[in-house]
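Subject: A structure for you to look at

Hi,

Here is the structure I promised to pass on.

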Amino acid sequence: MSLDVEIYRNYHVTYDEGKTLEPQKQSLYRSNITHNLNRMADEAGLYEALWRPYQLKPGYDIPEDDYDAEYKYEAANPVQAHEIIPIIEKGLEDMKARPKHYETFNSSNGWGMYEHFVPFIEKYLKALKKYPEAFVECDR
């Protein structure tokens, strides 16, 4: 299992001189990493920002086991990159300040290591900052 993140923007195309518009999605950044890092992310305060950013929206209050409502909420409440940048900056800063602490969350099977997670977060954060008005999508 993995976490797939994508930063994208929406646009429209027309094939009839603007009479009808067809929505399109342009991918600006994509990456993935093992789901085994979810405990490390949670410890750094990054889990929601990386795995479930829509849960950070004001007013989110869906019971943990109501998957249909959660899916509908996620689809109806897209997250823009700028909304999660401060959280990711803070978590990454803490991870870099305390590598030994976070290494205790390394996966015993080698699939989910601090040494791979930090560069993943750094690259993702760089892309978020490059496209702050773009939308974020996370597939788990």
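The chain holds six helices and four strands. Keep in mind that this is a predicted model. Going along the sequence, the elements follow the order β-β-α-α-α-β-α-α-α-β.

The C-alpha trace spans about 60 × 35 × 25 Å along its principal axes. Of the 140 residues in the chain, 36% are buried. If you take the contacts with a separation of 6 or more, 65% of them are between residues 24 or more positions apart. The chain exposes about 8,700 Å², with carbon and sulfur atoms supplying 48% of that area. As for charge, there are 17 positive and 25 negative side chains, and the centres of these two sets lie 6 Å apart.

Next, the strand pairing around E1. Strand E1 pairs with strand E2 (residues 22–34) in the antiparallel sense, over 12 bridges. Within this pairing, Asn 10 stands opposite Lys 25 of E2. E1 also pairs with strand E4 (residues 135–139), again antiparallel, over five bridges. Here Tyr 8 has Phe 135 in E4 as its bridge partner.

The residue I would show you in detail is Asp 4, which lies in strand E1 (residues 2–13). Which residues does Asp 4 touch, leaving out those up to four places away in sequence? They are Ser 31, Asn 32, Glu 137, Cys 138 and Asp 139. Arg 30 is 26 residues away from Asp 4 along the chain, yet their C-alpha atoms are separated by 7.3 Å. Is Asp 4 buried or partly exposed? Its relative accessible area is 23%, so Asp 4 counts as partly exposed, given that buried means under 20%.

Finally, do look at Glu 17, in the loop between E1 and E2. Its phi is near 55°, a positive value in a residue other than glycine. Glu 17 is exposed because its relative accessible area is 81%, and the cut-off for exposed is over 50%.

Happy exploring, and do write back with any questions.

Best wishes

Methods:
Residues numbered from 1 in each chain as written. Predicted model: local features only at pLDDT ≥ 70, side-chain atom pairs only at ≥ 80, totals over all residues. Heavy atoms only, no water. Helix = DSSP H or I, 4+ residues; strand = E, 2+ residues; numbered from the N terminus. Buried < 20%, exposed > 50% of the residue type's maximum accessible area, 1.4 Å probe, protein only. Contact = heavy atoms within 4.5 Å. Pairing = 2+ DSSP bridges. Areas by Shrake-Rupley, 256 points an atom, 1.4 Å probe, with all protein chains shown as cover. Lys, Arg positive; Asp, Glu negative; His and termini not counted. Charge placed at Lys NZ, Arg CZ, Asp CG, Glu CD.
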